Amino acid sequence: MTADRVTFIHADALAWQPPRKTYDLIVTHFFLDCFRPEQLQHLIPTIASSAPPAGHWLVADFQEAPAGWQKIRSQLILGLMYWFFRTVTRLPARRLTCPDPLLRQAGFQLQGEQVFEWGLLRSTCWKQVPSSRTPSPAA
Ligand SMILES: C[S@@+](CC[C@H](N)C(=O)[O-])C[C@H]1O[C@@H](n2cnc3c(N)ncnc32)[C@H](O)[C@@H]1O
């Protein structure tokens with residue numbers, strides 16, 4: 001990859017329309033956690049439309065740990081973080097929204113995941129799969 005093949009786009013992601021079926025790999029690290037549920041309902045399908053069939057999407061983000069003292073720890077950290085970023089940067093989100101259902105609705109299937117920091121951080125790899133609702137040419 002040479003530098004002249006890299007394009008930087010400075011835009012509001014909520015208003016930007018990416019080119020269709022163009023990007024083999026989408027990476028959203030600590031980005032989807034900035035948005036409210038209704039914003040993600042628009043944003044995730046919009047970004048998904050830029051992936052060709054079999055395109056991949058890597059997501060790294062915070063999550064609430066499922067149980068035990070790890071859950072309480074993550075709730076405290078996330079509560080403090082959202083309060084801080086809402087106050088200082090006017091972040092629209094008030095809390096974390098799990099993007100998994102919207103990624104699945106957009107045609108992505110979970111390929112693998114890793115969890116770090118006592119359940120606070122989660123990294124996932126998704127792959128665009130052909131929709132079963134789309135009839136095949138032979139049908
Ligand atoms: C927590 S930072 C993560 C940055 C980087 N992905 C990383 O892992 O270091 C979240 C980024 O999302 C950007 N962001 C938030 N809302 C946005 C929007 N509506 N459009 C474009 N960028 C946005 C912020 O400007 C910030 O750079």
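This is a predicted model: local features need pLDDT of at least 70, side-chain atom pairs count only at pLDDT 80 or more; totals for chains, interfaces and linings use all residues.
**Fold, sheet and ligand shell**

User: What is the order of the strands in the open sheet?
Analyst: The sheet is open and has 4 strands, with mixed pairing. Its edge strands are β1 (25-29) and β3 (108-116), and each of these pairs on one side only. The order is β1-β2-β4-β3.

User: How many bridges join β3 to β4?
Analyst: Strand β4 covers residues 121-128 and runs antiparallel to β3. F108 stands opposite Q128 in β4. V115 stands opposite R122 in β4. The number of bridges joining β3 to β4 is 8.

User: Which residue in the turn of the β3 and β4 hairpin has a positive phi?
Analyst: The hairpin has 4 residues between its strands.

User: Which residue in β4 is the bridge partner of A60?
Analyst: Strand β2 spans residues 56-62. It runs antiparallel to β4, and 7 bridges join the two. In β4, the partner of A60 is S123.

User: Which residues surround the ligand?
Analyst: By class, the shell has 5 nonpolar residues, 1 polar and 1 charged. The residues are D12, A13, L14, H29, F30, F31 and C34.

User: Which member of the ligand shell is the charged one?
Analyst: The shell holds 1 charged residue. Asp, Glu, Lys and Arg count as charged. Among the surrounding residues is an Asp, D12. The charged residue is therefore D12.

User: What percentage of the residues in the chain is buried?
Analyst: The C-alpha trace spans about 55 × 35 × 30 Å along its principal axes. Buried here requires 20 or more other C-beta atoms within 10 Å of a residue's own. Of the 139 residues in the chain, the buried share is 14%.

User: What share of the contacts with a separation of 6 or more joins residues 24 or more positions apart?
Analyst: A contact needs two C-beta atoms within 7 Å. The count takes contacts in the chain with a separation of 6 or more. Residues 24 or more positions apart account for 71%.

Terms used: Residues are numbered from 1 along each chain as its sequence is written. Two strands pair if DSSP finds at least two bridges between them. A residue is buried if 20 or more other C-beta atoms lie within 10 Å of its own, exposed if 12 or fewer, and partly exposed in between; C-beta atoms are placed from the backbone. A residue is near a molecule or strand if its C-beta atom, placed from the backbone, lies within 6 Å of it.
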